[in-house]
Amino acid sequence: MMDPHDEAGCQAPPEGPFLCINNCGFFGSAATKNMCSKCHKDMMLKQDHAKLAASSIENLVNGSSSSNKEMPESVANGAISLEPKTSQSHALPAMGSVEGEEEKPKEGPKRCNSCKKRVGLTGFNCRCGNVFCVVHRYSDKHDCPFDYHMAAQNAISKANPVVKAQKLDKI
């Protein structure tokens, strides 16, 4: 007769539990290369970081851009969190910003659009998109082009849509 374990496709467990090969005090398994789950995870992260560092150094030397096929699969999918960046990884964003992006010119201090007085943080933003001082903050003082009447009408029409009921049949 056949053993019931053979029919179901089950395998007998190993002789007994064994300790992690890193001597951390936890039990390991054959699936995790005789390590506990924590030590196995740490080892896999170190391998991924080593592959990522090797590919980034190779990209710096060759001057080519990085691609997903050179990166480990878990790194490409964003499955791991990166540790603090090294000095080599700081060089990559600087090269990218020099090639394609332009820096914005630094804006000067905020000034009133009418009298050019410095307003700083106390400036008043108008609906026309300009900044004004205390004297010119009202729309009639700076000849504001914004149409407040039309804006109010639009706000009222959006807040109160027209509701028509169906006509009732007379009996």
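Buried means under 20% relative accessible area, exposed over 50%, and partly exposed in between, with a 1.4 Å probe and protein chains only. This is a predicted model: local features need pLDDT of at least 70, side-chain atom pairs count only at pLDDT 80 or more, and totals for chains, interfaces and linings use all residues. Residues are numbered from 1 along each chain as its sequence is written, and side-chain values use heavy atoms, with hydrogens and water left out.

**View 1. The protein chain as a whole.** Of its 171 residues, 13% count as buried. The chain has five helices and four strands, where helices (H or I, at least four residues) and strands (E, at least two) are DSSP runs numbered from the N terminus. From the N terminus on, the order of elements is α-β-β-α-α-α-β-β-α.

**View 2. Helix α2, residues 37-62.** With 26 residues at 1.5 Å a residue, helix α2 should span 38 Å, and its end C-alpha atoms, 37 Å apart, agree with this. The expected span is 1.5 Å times one less than the number of residues. The buried residues of α2 are C39, H40, D48, S55 and N59.

**View 3. Cysteines without a disulfide.** The structure holds zero disulfides, a disulfide being a pair of cysteine sulfur atoms within 2.5 Å. C112 is in none, and the nearest cysteine sulfur, that of C115, lies 3.6 Å away. C112 is buried, at 1% relative accessible area.

**View 4. C133.** C133 is likewise in no disulfide. The nearest cysteine sulfur to that of C133 belongs to C112, 3.7 Å away. C133 counts as buried, because its relative accessibility is 5%.
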